[in-house]
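Biologist: I would like to learn how to read a fold from its model. Where do we start?

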Amino acid sequence: MFEGNLDTNTAPDAETAINKLLDDGARKILINFENLNYISSAGLRILLGTAKKMKSISGTLIICSLNQTVQEVFDISGFSTILSLAANETDALASF
Amino acid sequence: MQELKLKIENNRPAIASVIEAFAEFTEKSGIPMSVAMQVNLIFDELLTNIISYAFPDNDVREIGIHVNKNDQQIGVQIVDDGVPFNPFEQSEVDTSLSIDKREIGGLGIHLVKNVMDEFTYERRGECNIVSLTKRFNN
């Protein structure tokens with residue numbers, strides 16, 4: 001679960017956390033944005049990199065509980081079309 | 001009209017201090033949360049760009065930020081005295097590409113252009129001046 005902001009300063013830590021999951025062999029990753037205020041292109045970069053890696057190992061990445069601002073960023077950037085999104089954790093878990 | 005004026009040094013951690021100061025301003029001046037988040041986004045994108053590209057000599061320099069707000073809208077102005085650099089003159093992003101073909105370059109500015117109602121760049125003397133406006137929808 002990510003809290004606060006996913007931007008230039010916080011993205012590197014997020015990337016480290018996700019890479020650890022991938023190194024540990026995760027093939028299904030759910031990212032819960034319920035407590036995330038906003039995301040900038042630095043955060044999108046991490047998500048795109050993760051999505052590409054998951055695709056290459058035939059894994060599944062789902063992001064859920066985006067707030068209005070984050071959803072808008074996903075829509076403007078076209079990320080809502082290329083990433084799997086869910087309204088909440090229950091729906092997301094059902095999609096794996 | 002309410003105003004906020006800040007100066008920061010040209011390093012990435014300083015961006016967090018802008019977000020913090022703006023958060024306080026948001027509470028005091030009653031800016032809608034969705035607009036505040038959008039302004040946070042443009043701060044992150046534009047300040048990161050300026051810090052990355054406007055000062056090739058790596059000196060410690062200052063960036064000036066001026067926010068003003070009235071009942072209809074919020075205006076943001078970012079000023080630096082680095083090399084001539086217009087962040088809006090970047091190549092367009094293709095948002096229809098698939099995961100394999102997507103790249104991140106230019107995406108930050110694409111977000112800024114789509115989230116703000118107005119954005120302009122001006123080179124005045126030795127300064128780059130970026131001005132943005134977001135109207136409150138009611």
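Modeller: With a definition. Axes are lines fitted to C-alpha atoms, and angles run from 0 to 180 degrees between N-to-C directions. Keep in mind that this model is predicted.

Biologist: Then at what angle does helix α1 of chain B run to β1(B), and which strands does α1 lie across?

Modeller: Helix α1 (residues 13-29) of chain B runs at about 170° to β1(B). It lies across β1, β2 and β3 of chain B. Helix α2 (residues 33-53) of chain B lies across β1, β2, β3 and β5 (127-135) of chain B. Its angle to β3(B) is about 10°.

Biologist: How do I read the sheet itself?

Modeller: Strands of a sheet pair through backbone hydrogen bonds, either parallel or antiparallel. Here, five strands of chain B form an open sheet in the order β1-β2-β3-β5-β4, with antiparallel pairing.

Biologist: Why is one side of β1 and of β4 of chain B left without a neighbour in the sheet?

Modeller: β1 (2-9) and β4 (118-124) of chain B stand at the edges and have a single partner strand each, so one side of each lacks a neighbour in the sheet. From one strand to the next, the twist averages 15°.

Biologist: How many bridges join β2 and β3 of chain B?

Modeller: Seven bridges, in the antiparallel sense, between residues 62-69 and residues 73-80 of chain B. In this pair, B:I65 stands opposite B:I78 in β3(B).

Biologist: And empty space?

Modeller: Rolling a probe the size of a water molecule over the atoms shows where empty space is left. In the whole structure, the search finds two cavities of 30 Å³ or more.

Biologist: Which residues line the second largest cavity?

Modeller: B:I50, B:D80, B:F85, B:P87, B:N128 and B:V130. That lining divides into four nonpolar residues, one polar and one charged.

Note on methods. Residues are numbered from 1 along each chain as its sequence is written. Chains are lettered from A and ligands numbered from 1 in the order in which they are written. This is a predicted model: local features need pLDDT of at least 70, side-chain atom pairs count only at pLDDT 80 or more; totals for chains, interfaces and linings use all residues. Side-chain values use heavy atoms; hydrogens and water are left out. Two strands pair if DSSP finds at least two bridges between them. Helices (H or I, at least four residues) and strands (E, at least two) are DSSP runs, numbered from the N terminus. Contact means heavy atoms within 4.5 Å. On a 1 Å grid over the protein atoms alone, a cavity is a set of points where a 1.4 Å probe fits but cannot get out, and a pocket is an open set with protein on both sides within 12 Å along at least five of seven lines; lining residues have an atom within 4 Å of a point. Grid points are joined across faces, edges and corners, and a volume is the space filled by probe spheres set on the points. Ala, Val, Leu, Ile, Met, Phe, Trp, Tyr, Cys and Pro count as nonpolar, Asp, Glu, Lys and Arg as charged, and the others, Gly among them, as polar.
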